[in-house]
Amino acid sequence: MESSMLSLFLSSLGFVFSPTTLLIMVIGLVVGIIGGMVPGITTVTAIALFIPFTFSMAPTLALAALGAVYCGAMYGGANAAILINTPGAPGSIATALDGYPMTRNGRAPEALFTALLASCFGGFVGAVMLLAFFEPLASLALHFGSEAFFWMAIFGLTTLAAMSQGMVLKSLLGGVLGLGLSTIGLDPSDGIPRFTFGIFDLLQGFDMIVLMTSLFSFSQMLLLLESPDEYIAKYRPQPGAFLRSLKTLFVRNKLLAGISSVAGAFIGGLPGAGGSVAAIILYNEAKRWDKNPERYGSGVPEGVMVPESANNASVGGALVPLLSLGIPGSAAAAVLMGGLLAQGLAPGPQLMETHPDIAYGFIYSLIFANILMLPVGYVLARVCTKILDVPKLYVIPAIITLSLIGSYSLRNSMFDVLVLIVAGGVSYLLLKAKIQPACIALGVVLGPIVEENLNNTLIRAHSDASPLDLFVFSPLSATFIILSIVALVLPVAMQRLKKGKEARMARPVSTACLYRYDFWVVALLAAGGAFFLWQSSLLTGNSAVFPEVVFGLVVVLAILTLCSEFFSEPARQSTFSPAALANVAVYFFLALATYALLDIVGFYSSMFLCVTAMILFGLRRIRRVPLNISNLAKAVAVSGLLVLAEWLCFGVLVKVPAPEGLLF
Amino acid sequence: MRNMFVLLCAALFTVGVIATPAKAAWPDRPIRIIVPFNPGAGTDQQGRLVEKEFKETFGQPLNFVYKPGADGAIGATELANSRPDGYTIGLYAFPLMVMGPLLGKGKYGPESFDYLGISCKDVAVLVVPKDSPIKSFEDFVTQAKANPGKLRVGVVEILGPTHITALRLQQQGVPMNIVPHAGGSKAMVAVLGGHIDALLAVTGASLNSASKLNFLAVASDEPEALLPGVPTFKEKGFDIVSAFARVWLAPKGLPADVKQRLGEGLKSIYAREDVKERHDKAGLPVRFEDGTVLNQWIDAFMPEARGLVDLYNQQKAQQ
């Protein structure tokens, strides 16, 4: 046994270090990283895109290539999250919380390198765990029944309480709004339409990635319009940034990095949980156990390191159920399985027995891909920083059009493009009322997990004497319940303790809040919540349970927020400036006009018009530059190049069948 | 100015000439294939398993377009509304495609399509983990009857083949607690982890985990070659036959020659030995049938389908 393991190891080593393998893996990593960065291209799309290229390859080479794409895509989202606050993938939501503030503080290179190092390290640990412990990990994962998943997702939601200091109620409100968004479409228990109001397009529900893109990319671009700065963030080269990132990871926080990687791999191994859940939970834990939790969110490297290492470690974990049980643990693993099947290989326990050379070759190549990602990612990160040298008037239309075609490409649905624009506008308005997109995003990501497992547990509980047996008294349920309570109570208690007497002093009731914008936004949410609560009460059976709870919570939290507003300081100023609002409105309606033209004129032509119009408007009204021929020519040239690049990426590479319309 | 106008006209004309499709033989460009589920799901595999051969046979590649949602009804609606020119085809599964419109999910009917061929049949099977106290189908029935409505049996899609099997078993006197799952892989984890007592799965999803499972019964007419020694429900006295038929289809009204070429091409692909072997390994053994068979199946199944919807609604009301 020992000798056969050794020979396997040696032959795998020979395979991994052959020039062909190296070249293919570098290509895979580049495709993955770029795919991860672009909004709307997910890990799944990136891998699916690469599968046809692997048909002519030998199985081990094909798997090495797909594994490299997988690793690259999981990491790539971090770059966009850090530089422009637009997480390219759900796994990078938590990364943006500290990564973007670092960019604003002029520490972009350090944040990028920290994300890269953490991803490589996490991915490496995850892959080694896959190699060393896949049997025990698999049997551990099997202990997680629906009740454990339910409570784990609730535990993930408790992050909300700690997300924004001093505004716990609004964070919670944002979170339940996200949960509410996830209930629209076919309900998961009976498969019948819910909250669709006869609109056929609503049947498919809101796509999670489209909502992510609109919450972060789109609304973030509108927000960027407000400031008079010429660039997204002041950027100066940071000498020694790489060294400093190395120190962050391996000297100051080696224990934290290790723990988040190991835990990330474990959470990734739970079918249905995945990298985004791992990153969110571990970010929250790192914050909670820190000596000074408030520093998280202001731009600390640890806040980038923890979610990125967990996110990439989850790759190794997600492959555990695939290789040990033949069950794909994530959507990305399912596509990978498709690639295996096309090669005539069936994943699962029999692959380990009948083709150990392929199975172990794959795992070793995965370990190596994470090492190789360091130089590849380094070069790409250096290139990406250049975006900070581009005036934001060019960046904004670029990201907006990328989001448009990215959202379309996910399900080839025009409806998703409309959702992107409208939800982006709404989330901008909510942001102005201090309801953070990150909170809504958390609800959107965790909502389906909560509901699916709640329903499943409710049905399973029919077989027990009391539903409490499963929901409360099973060991994993009890553990997560206790953890959730601690997570909810601790931040509030800490705040009380710090503020001391000041907090307990009653402020006089003031009606000043009635003149504030955010008060009326929350009031509107309360009314909307009440409407949906009434709609939920018309549903039958299990499909009513989750919406009733969620929209009930929307109403309760909104009313509590309203009440607390009466006791808040009257001095708070409105955050709106009329000029900025007008600019935002123009860009929003330009995007909407583009949507209207997509079908008629063609996708790429209308995106070209959109970019040109946005650049010209920006030059004239925001930068106050007089328009002349050279400006005009420059705007047209930039738009043309940009749309050409988008066409090459989506039209040629990803082969998105976009509507062609009259022109193109 | 005049020159500009002439130039513009010339340019437009050139573009027009290039853009006008020459009357060439079908297919002269890639073919869109609508997969109404997520990448990686069983339907995606159905297409991906022959992607290579499709290109060899027809000379044009397949462009996979994923339109997931509503158990496939969203993608099927899109397909039904596509132009029937042979450049848009799709994949779907019977009986799900019949159930969708009955449950108010899709804007299409079985008559909206031309059926090109049935590639595989994914038969419903009853499985338990290897270490389960339930060792045989008789054990299963005894246990279910001893604790009426308490035995947890997992199924996958609502009114898909596994759910239909469960409803039929219940109708024929085996009371149980039917637990629907969102996807075959999650259901498999639930049964392997002991969170449910047994699982009704389809062969394709269960053969990859075969070494950890005991197969108790299979819902086919004849015993399955891939599952030697596993009895059919019929042999055990339950009249239950239920399977996914994986279908290649196109919007209604294809040109006759294109339809014929597609049908014959698919038939020749699925007749190849290497293709069959690959399907066996994937747990999706090839059972090719002509598309015309499906029309008969649908006609025969319609009354039963309505009955099943009623049965399901009754059972829900009782809970």
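The C-alpha centres of domain 1 and domain 2 of chain B lie 26 Å apart. Domain 1 covers 27–121 + 245–307 and domain 2 covers 122–243; such bounds come from an automatic or database domain assignment. This is a predicted model, where local features need pLDDT of at least 70, side-chain atom pairs count only at pLDDT 80 or more, and totals for chains, interfaces and linings use all residues. Residues are numbered from 1 along each chain as its sequence is written, and chains are lettered from A and ligands numbered from 1 in the order in which they are written.

Now, the contact between these domains. In chain B, 14 residues of domain 1 are in contact with 13 residues of domain 2; contact means that the C-beta atoms of two residues, placed from the backbone, lie within 7 Å. On the domain 1 side, the elements giving two or more residues are helix H5 (96–102), strand S4 (113–129) and strand S9 (243–251) of chain B. Helices (H or I, at least four residues) and strands (E, at least two) are DSSP runs, numbered from the N terminus. That side of domain 1 of chain B has nine nonpolar, two polar and three charged residues. Ala, Val, Leu, Ile, Met, Phe, Trp, Tyr, Cys and Pro count as nonpolar, Asp, Glu, Lys and Arg as charged, and the others, Gly among them, as polar.

Chain B as a whole has twelve helices and ten strands. Of its 319 residues, 50% are buried, that is, 20 or more other C-beta atoms, placed from the backbone, lie within 10 Å of their own.

Next, the contact between the chains. Chain B gives 52 residues to it and chain A gives 51. On the chain B side, H8(B) gives the most, with six residues. The residues on that side of chain B divide into 19 nonpolar, 16 polar and 17 charged.

Which residues have the most contacts inside the largest nonpolar core? They are A:Ile47, A:Ile82, B:Val127 and B:Val247, in a core of 321 residues. A nonpolar core is a set of buried Ala, Val, Leu, Ile, Met, Phe, Trp, Tyr and Cys residues joined through C-beta atoms within 7 Å. Helix H6 (residues 108–142) of chain A gives the most to this core, with 20 residues. Domain 1 and domain 2 of chain B both give residues to the core, so it lies between them.

Last, one residue of chain A. A:Phe415 lies in helix H19 (residues 414–432) of chain A. Why is A:Phe415 called buried? Because A:Phe415 has 20 other C-beta atoms within 10 Å.

Methods:
Buried ≥ 20, exposed ≤ 12 C-beta atoms within 10 Å, placed from the backbone.
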